Amino acid sequence: MGTSSNATTWLLLWTVNNIGVTLLNKSAFAKVNFKYPYFLSFVHMLCNTIGCNILFSCIQQGCVKNLLGNITRKKIAGNDNIWIFLFSIIFSLNIAIGNASLRYVSVNFNQVMRSLVPAVTILMGICLGKPVSKKRQVAVLPVIVGVAMATFGDMSYTMFGLMITILCVLLASLKVVASGELLTGDLKMHPVDLLSKMAPLAMVQCLILSIALGEFEEIKTRWNKDLDPRINWYPMFVVVFSGVCAFSLNISSLMANKLTSPLTLCIAANVKQVLMIVISTIIFNTQISLLNGIGIVVVLAGSAQYSFVSMAEKEGACKKADNFVKDDSDEEKGPLLSNSNGSISGGSNTKMKSILSSEDEELETSK
């Protein structure tokens with residue numbers, strides 16, 4: 001009963017944080033005129049850096065070990081540092097461009113376009129020689145058609161906003177592929193450990209972008225007019241609170257993945273997307289034509305179908321891997337039950353499950 005209650009709590013926190021981060025980011029641009037997406041991303045990464053340090057400090061003292069489990073920090077050396085640095089560039093650009101997209105387009109348009117991420121990820125996987133089933137390829141077709149319908153006509157966006165959002169989708173897909181390699185490849189890093197290494201690098205990179213593009217100077221000019229909390233507390237509250245929610249989203253995402261089933265997460269993700277579009281339409285008074293509305297429904301249905309196809313394939317592959325390892329152990333019980341160091345030989349099975357869960361463990365700092 002306790003475990004079920006905890007799972008529900010973390011799932012609710014994940015859903016609320018997911019919607020909250022996107023709406024807070026859009027509110028920063030639309031409601032309080034904080035039109036600085038790269039500085040906003042810097043604040044997000046600052047909050048994640050501080051949050052990770054506090055979290056690991058608590059883990060060392062045994063405060064949250066029962067809650068989050070054992071999180072080990074891997075020592076990075078040699079060429080691994082280069083890969084971490086290169087991934088941090090993708091990571092920070094994904095967050096910064098994602099926030100920039102929200103400045104120039106509606107939340108609805110942003111969410112609908114982001115539904116293309118699985119299709120682009122599949123295309124990238126095919127280019128990298130990774131097998132992709134026909135079922136998955138067919139499942140993304142309704143999403144592509146729905147996106148075309150939803151973005152045609154009078155849904156609010158500019159051409160520059162469209163280009164930024166397309167870049168956002170490409171970077172999000174690239175992040176899925178790259179983070180999967182770091183989480184399940186040779187390094188096999190824990191998501192929180194990866195976040196703790198990414199956040200400081202991304203923080204510096206976002207600050208450099210903000211300074212280079214003139215945001216930092218404009219914030220300094222406006223500080224004594226309307227951004228200083230002593231003059232008006234609301235703008236900086238929205239900015240800092242969105243950063244806190246961004247860190248909370250990462251932790252709640254990790255715990256939701258750990259405590260719930262793939263089916264539950266699939267359903268929650270699709271419910272979240274529907275709620276996001278409905279709430280943003282009301283808050284930001286987004287105008288939607290009949291064709292746009294039908295397109296959004298097609299995208300949501302297509303996304304749900306893709307999620308369930310993906311989940312079914314993952315569970316099928318896990319069962320197949322389990323049966324394969326079981327058959328192997330039945331045939332050669334003696335030598336295959338343990339290695340020379342006494343560890344149980346389930347390496348290939350563990351690797352399979354790790355790979356299959358990499359998409360679910362993706363860091364969700366920005367949506």
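**Figure 1. Burial and overall make-up of the protein.** Of the 367 residues in this predicted model, 49% are buried, where buried means under 20% relative accessible area, exposed means over 50%, and partly exposed falls in between (1.4 Å probe, protein chains only). The secondary structure comes to 16 helices and zero strands; helices (H or I, at least four residues) and strands (E, at least two) are DSSP runs, numbered from the N terminus. Among contacts between residues at least 6 apart in sequence, 86% join residues at least 24 apart, with contact meaning heavy atoms within 4.5 Å. Residues are numbered from 1 along each chain as its sequence is written, and side-chain values use heavy atoms, with hydrogens and water left out. As this is a predicted model, local features need pLDDT of at least 70 and side-chain atom pairs count only at pLDDT 80 or more, while totals for chains, interfaces and linings use all residues.

**Figure 2. Helix α4 against helix α9.** A handy way in: two packed helices are described by the angle between their axes and the distance between the axes. Here the axes of α4 (residues 79-104) and α9 (residues 159-184) come within 8 Å and cross at roughly 150°. Axes are lines fitted to C-alpha atoms, for helices over the stretch in contact, and angles run from 0 to 180 degrees between N-to-C directions. The pair α4 and α9 is therefore roughly antiparallel; angles under 35 degrees count as roughly parallel, over 145 as roughly antiparallel, 65 to 115 as roughly perpendicular and the rest as oblique. The crossing of α4 and α9 is left-handed, a term used if the near helix is turned anticlockwise from the far one by less than a right angle, with right-handed used if clockwise. Sorted by class, the contact of α4 with α9 has 17 nonpolar, six polar and one charged residues. In this sorting, Ala, Val, Leu, Ile, Met, Phe, Trp, Tyr, Cys and Pro count as nonpolar, Asp, Glu, Lys and Arg as charged, and the others, Gly among them, as polar.

**Figure 3. Helix α6 against helix α9.** Staying with α9, we now look at its crossing with α6 (residues 117-127), where the axes come within 9 Å at roughly 55°. This angle makes α6 and α9 oblique to each other, and α6 passes α9 in a right-handed crossing. From α6, Val117, Val120, Thr121 and Met124 meet a set of α9 residues that includes Val169, Leu170, Ser173 and Val177. The contact of α6 with α9 divides into nine nonpolar, two polar and no charged residues.

**Figure 4. Helix α2 against helix α12.** The axes of α2 and α12 come within 8 Å and cross at roughly 50°, so the two helices are oblique to each other. Their crossing is right-handed. By class, the residues of the contact of α2 with α12 are eleven nonpolar, six polar and no charged. Val244, found in α12 (residues 233-259), is partly exposed at a relative accessible area of 43%. Val244 and Val43 are 201 residues apart in sequence, with their C-alpha atoms 9.0 Å apart in space.

**Figure 5. The cysteines.** How many disulfides does the model have? The count comes to zero, a disulfide being a pair of cysteine sulfur atoms within 2.5 Å. Cys47 has its closest cysteine sulfur in Cys245, at 9.4 Å, which is too far for a bond. Cys47 is buried, with a relative accessible area of 15%, and Cys206 is buried too, at 0%.

**Figure 6. Val299 in helix α14.** Val299 sits in α14 (residues 290-331) and counts as buried at 2% relative accessibility. Leaving aside neighbours within four places in sequence, Val299 is in contact with Val112, Ser115, Val143, Gly146 and Val147. The C-alpha atoms of Val299 and Val147 are separated by 6.2 Å, although the two residues are 152 apart along the chain.

Figure 7. Asn33 lies in the loop between α1 (2-30) and α2 (37-60). Asn33 is not a glycine, yet has a positive phi of about 60°, and at 40% relative accessibility counts as partly exposed. Ile208 belongs to α10 (residues 191-212). Is Ile208 buried or exposed? At 51% relative accessibility, Ile208 counts as exposed.
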